[in-house]
Amino acid sequence: MKNMNHLLPLTRLKAEYALLWALPLLLAVLYESDVLPRGIYADHPQAEYLLQTAGILLAIVLIPLSLRLFQLSLTRHVRQLPLTEALRSYRRWSEVRLCLLLTAALSNLTVYYWTLSTTGLLCAGMVMAATLFCVPGQKRMEDELSLPALSDKEASAS
């Protein structure tokens with residue numbers, strides 16, 4: 001029964017990670033099907049410059065911040081908590097990391113469709129590539145929290 005309590009945050013994180021990929025795809029579908037307007041700033045060089053600069057800065061700041069902030073919170077705070085609190089805190093910090101990356105991805109995707117310049121698309125692609133370092137999994141959670149193996153297979157193999 002304890003094992004199931006450890007896996008509950010992991011199940012939620014996997015669903016949230018799937019949502020992280022689904023929302024940009026949904027946004028792209030909405031733009032491509034002309035539900036949302038495209039190219040509204042394509043003829044405005046100053047607005048295009050400002051939007052692209054903001055998108056680039058978001059990607060440059062939020063990618064390392066989301067990855068590093070999570071690691072710092074693990075080493076300084078989460079690992080020293082009791083197990084139930086550590087799992088709760090791990091989930092919360094994972095959600096913060098995913099929200100930061102989602103903000104950058106959706107913003108840059110919007111910049112791409114508003115300006116029709118590939119700069120936003122490149123930055124959105126970089127952010128989505130950074131999410132591959134955040135894929136939730138049991139082994140990753142055990143390693144990051146310095147937990148013994150939680151699964152029955154790994155426990156019986158030892």
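This is a predicted model: local features need pLDDT of at least 70, side-chain atom pairs count only at pLDDT 80 or more; totals for chains, interfaces and linings use all residues.
Residues are numbered from 1 along each chain as its sequence is written, and side-chain values use heavy atoms, with hydrogens and water left out.

Let's start with the overall layout. The protein has 6 helices and 0 strands, so you read α-α-α-α-α-α from the N terminus on (helices are DSSP runs of H or I with at least four residues, strands are runs of E with at least two, and both are numbered from the N terminus). Of its 158 residues, 37% count as buried, meaning under 20% relative accessible area, with exposed over 50% and partly exposed in between (1.4 Å probe, protein chains only). The protein exposes about 9,200 Å², and carbon and sulfur atoms supply 66% of that; the areas come from the Shrake-Rupley method with a 1.4 Å probe, and for residues only the protein chains shown count as cover. Take the contacts between residues at least 6 apart in sequence: 73% of them join residues at least 24 apart, where contact means heavy atoms within 4.5 Å.

The axes are lines fitted to C-alpha atoms, for helices over the stretch in contact, and angles run from 0 to 180 degrees between N-to-C directions. The crossing is left-handed, that is, the near helix is turned anticlockwise from the far one by less than a right angle, whereas clockwise would be right-handed. Residues in the contact of α2 with α3 split into 18 nonpolar, 8 polar and 2 charged. Here Ala, Val, Leu, Ile, Met, Phe, Trp, Tyr, Cys and Pro count as nonpolar, Asp, Glu, Lys and Arg as charged, and the others, Gly among them, as polar.

Follow the chain from α3 (residues 83–115) to α4 (residues 118–131), and you find these two packed at about 160° with axes 7 Å apart. They are therefore roughly antiparallel to each other, and α3 passes α4 in a left-handed crossing. In α3, the residues involved include L101, A105 and Y112, and in α4 they include G120, C123 and V127. This contact divides into 12 nonpolar, 4 polar and no charged residues.

What about α2 and α4? These pack at about 10°, with axes 9 Å apart, which makes α2 roughly parallel to α4. Q52, I56 and I63 are among the α2 residues that meet α4, where C123 and V127 are among the partners. The contact holds 8 nonpolar, 3 polar and no charged residues. In α4 you also find A129, partly exposed at 40% relative accessibility. A129 and I63 lie 66 residues apart in sequence, with their C-alpha atoms 9.8 Å apart.

Finally, look at two loop residues. Most residues other than glycine have a negative phi. D34, in the loop between α1 (2–32) and α2, has a positive phi near 60° and counts as exposed at 55% relative accessibility. L116, in the loop between α3 and α4, also has phi near 60°, and L116 is exposed with a relative accessible area of 51%.

Technical notes. Angles under 35 degrees count as roughly parallel, over 145 as roughly antiparallel, 65 to 115 as roughly perpendicular and the rest as oblique.
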